[in-house]
Amino acid sequence: MSSDNSDIGKLETDVEIKASAEQFHNMFRHKPHHVAHASSEKIQGCELHEGEWGKVGSVVYWNYFHEGKAKVAKEIVEAIDEEKNLITFKVIEGDLMEHYKSIKFTIQATPKSEGQLGSVIHWTIEYEKHHDEILDPHSMLEFATELTKDLENHLLEDTS
């Protein structure tokens, strides 16, 4: 059986925000359950299923609304790099697994250059589709961009 790798892909985008890289990273690392408060139209909830918030190997369960439907995703925290403000979530169960053999989201928050406020949030989605007819997850990248903007607004309001 030959494999032509057209089923394997990677999508990336950058979103500039006014909040700090540390604020954004800490939200996903230590308080992903607060993401629902910041973006209630997109994220209905996030629960810890195994492990501890902010630890590699922990399993989180997301309830989210995408493409007009309520969906779920169970993800394992695959990597955390505190110095780079980076976290990777690998989806292990849920609606996305209907279309993808594997899919993972890496979020890296980089401070803007010195003298500039804010940061750049770099989203990477790596995936392997079940078959060629399945679309690349561009709508998930759009979802991530909109979510980032919602979180930016929340972080800027919550300066406490």
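**A first walk through the model**

Tutor: We can start with T106, which sits in strand β6 (residues 100-111); helices (H or I, at least four residues) and strands (E, at least two) are DSSP runs, numbered from the N terminus. Please keep in mind that this is a predicted model, in which local features need pLDDT of at least 70, side-chain atom pairs count only at pLDDT 80 or more, and totals for chains, interfaces and linings use all residues. Residues are numbered from 1 along each chain as its sequence is written, and side-chain values use heavy atoms, with hydrogens and water left out.

Student: Okay, is T106 buried or exposed?

Tutor: T106 counts as buried, because its relative accessibility is 12%, where buried means under 20% relative accessible area, exposed over 50%, and partly exposed in between (1.4 Å probe, protein chains only).

Student: And which side chain joins T106 in a polar contact?

Tutor: That is T88, with the two side chains joined at 2.9 Å; a polar contact is a pair of N or O atoms within 3.5 Å, where within protein one must be able to donate a hydrogen and the other to accept it, and residues adjacent in sequence count only if both atoms are side-chain atoms. Leaving aside residues up to four places away in sequence, T106 touches L86, I87, T88, H122, W123, T124 and E126, with contact meaning heavy atoms within 4.5 Å.

Student: Switching to helices, at what angle do α1 and α3 pack?

Tutor: Helix α1 (residues 21-30) and helix α3 (residues 138-157) pack at about 110 degrees, and their axes are 11 Å apart. Axes are lines fitted to C-alpha atoms, for helices over the stretch in contact, and angles run from 0 to 180 degrees between N-to-C directions. The two helices, α1 and α3, are therefore roughly perpendicular to each other, since angles under 35 degrees count as roughly parallel, over 145 as roughly antiparallel, 65 to 115 as roughly perpendicular and the rest as oblique.

Student: Which residues meet there?

Tutor: From α1 come Q23, F24, M27 and F28, and they meet L147, T148, L151, H154 and L155 of α3. The residues of this contact comprise six nonpolar, three polar and no charged; Ala, Val, Leu, Ile, Met, Phe, Trp, Tyr, Cys and Pro count as nonpolar, Asp, Glu, Lys and Arg as charged, and the others, Gly among them, as polar.

Student: How many aromatic pairs are there?

Tutor: The structure holds seven aromatic pairs, where rings of Phe, Tyr and Trp (its six-membered ring) pair if their centres lie within 6.5 Å, and planes under 30 degrees apart count as stacked, over 60 as edge-to-face and the rest as tilted. One of them is F28 with W62, a tilted pair because the ring centres are 6.4 Å apart and the planes stand at 45 degrees. This pair links distant parts of the chain, with F28 in helix α1 and W62 in strand β3 (residues 59-66), 34 residues apart. F28 is buried at a relative accessible area of 4%, and W62 is buried at 6%.

Student: Which residues form a cluster with those two?

Tutor: F24, F28, W62, F89 and W123 form one aromatic cluster.

Student: Last one: where is K129, and which side chain does it contact?

Tutor: K129 is in strand β7, and its side chain makes a polar contact with the side chain of D136 at 3.0 Å. The K129 side chain also reaches the backbone oxygen of I134 at 3.0 Å, and K129 counts as buried at 6% relative accessibility.
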